[in-house]
Amino acid sequence: QVQLVESGGGLVQAGGSLRLSCAASGSFFSIAAMAWYRQPPGKQRELVARISSGGSVTYTDSVKGRFTISRDNAKNTVYLQMNSLKPEDTDVYYCYAEAQEGAQRNLFAYWGQGTQVTVSS
């Protein structure tokens, strides 16, 4: 079992910055991919950024050049630096992680509880 604890959400004016953090803890062999998703009201959860265990990154087009995902493997923590925030970035942001567990190193997916990001115009 893995617990993901997020922090760093809040209220910011358009053009401002926020940094989200998500720390994984529990019983696992290693953390593989980590990612951030967001879920607009009434819509499906969508990928914002993803980072592999080796550091390869993927971003959704709307955040390219503004958001940066990074991770600290020693701390099992993923970060999302969000700059030049826009009102349309307002959402609940969810941390996602894949953990290798057990003797067979099976992969299991976990979600954080979500953190609210609100960008005022």
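Modeller: A residue is called buried under 20% relative accessible area, exposed over 50% and partly exposed in between, using a 1.4 Å probe and protein chains only. This is a predicted model, in which local features need pLDDT of at least 70 and side-chain atom pairs count only at pLDDT 80 or more, whereas totals for chains, interfaces and linings use all residues. Residues are numbered from 1 along each chain as its sequence is written, and side-chain values use heavy atoms, with hydrogens and water left out.

Colleague: OK, so how many salt bridges does a search of the whole structure find?

Modeller: The search finds four, where a salt bridge is a side-chain nitrogen of Lys or Arg within 4 Å of a carboxyl oxygen of Asp or Glu. In general, side chains of opposite charge can pair when their charged atoms come close.

Colleague: Which residue forms a salt bridge with Asp-89?

Modeller: That is Arg-38, and the closest N and O atoms of this pair are 3.1 Å apart. The bridge links distant parts of the chain, since Arg-38 sits in strand 4 (residues 30-39) and Asp-89 in the loop between strand 8 and strand 9, 51 residues away. Strands here are DSSP runs of E with at least two residues, numbered from the N terminus.

Colleague: Arg-38 and Asp-89, buried or exposed?

Modeller: Both Arg-38 and Asp-89 are buried, and for Arg-38 the relative accessible area is 4%. Arg-38 also forms a salt bridge with Glu-46, again with the closest N and O atoms 3.1 Å apart, although Glu-46 is partly exposed at 33% relative accessibility.

Colleague: And what does Lys-64 form a salt bridge with?

Modeller: Lys-64 pairs with Asp-61, with 3.0 Å between the closest N and O atoms; here Lys-64 is partly exposed at 49%, while Asp-61, at 61%, counts as exposed. Elsewhere, salt bridges with shared partners join Arg-38, Glu-46, Arg-66 and Asp-89 into one network.

Colleague: Changing topic, which cysteines does a disulfide join?

Modeller: Cys-22 and Cys-95 are joined, with an S to S distance of 2.0 Å, and this is the one disulfide in the structure, a disulfide being a pair of cysteine sulfur atoms within 2.5 Å. Because Cys-22 lies in strand 3 (residues 18-26) and Cys-95 in strand 9 (residues 91-101), the pair ties together parts that are 73 residues apart in sequence.

Colleague: Why is that disulfide left-handed?

Modeller: The torsion about the S-S bond of Cys-22 and Cys-95 is about -85 degrees, so the disulfide is left-handed. Cys-22 is buried at 0% relative accessible area, and Cys-95 is likewise buried at 0%.

Colleague: What is Thr-77 in contact with, leaving aside its neighbours within four places in sequence?

Modeller: Taking contact as heavy atoms within 4.5 Å, Thr-77 touches Cys-22, Ala-23, Met-34, Ser-70, Arg-71 and Asp-72. Thr-77 belongs to strand 8 (residues 77-82) and is buried, with a relative accessible area of 8%.

Colleague: Which residues have the most contacts inside the largest nonpolar core?

Modeller: They are Trp-36, Leu-80, Met-82 and Tyr-93, in a core of 28 residues. Such a core is a set of buried Ala, Val, Leu, Ile, Met, Phe, Trp, Tyr and Cys residues joined through side-chain atoms within 4.5 Å. Several strands each supply at least two residues of this core, among them strand 1 (2-7), strand 7 (67-72) and strand 11 (115-120).

Colleague: How many residues of strand 9 are buried?

Modeller: Nine of its 11 residues are buried, so to speak a mostly covered strand, and strand 4 is mostly covered too, with eight of 10 residues buried. Strand 4 and strand 9 run antiparallel and are joined by eight bridges, two strands being paired if DSSP finds at least two bridges between them. Along this pairing, Ile-31 stands opposite Ala-99 and Met-34 stands opposite Ala-97.

Colleague: Where is the positive phi in the hairpin of strand 9 and strand 10?

Modeller: Gly-102, in the turn, has a positive phi of about 80 degrees, and four residues lie between the two strands. Six bridges join strand 9 to strand 10 (residues 106-111) in antiparallel fashion, with Ala-97 opposite Tyr-110. Strand 4 and strand 5 also form a hairpin, with six residues between them and a positive phi of about 75 degrees at Gly-42 in the turn; these antiparallel strands share five bridges, and Met-34 has Ile-51 as its bridge partner in strand 5.
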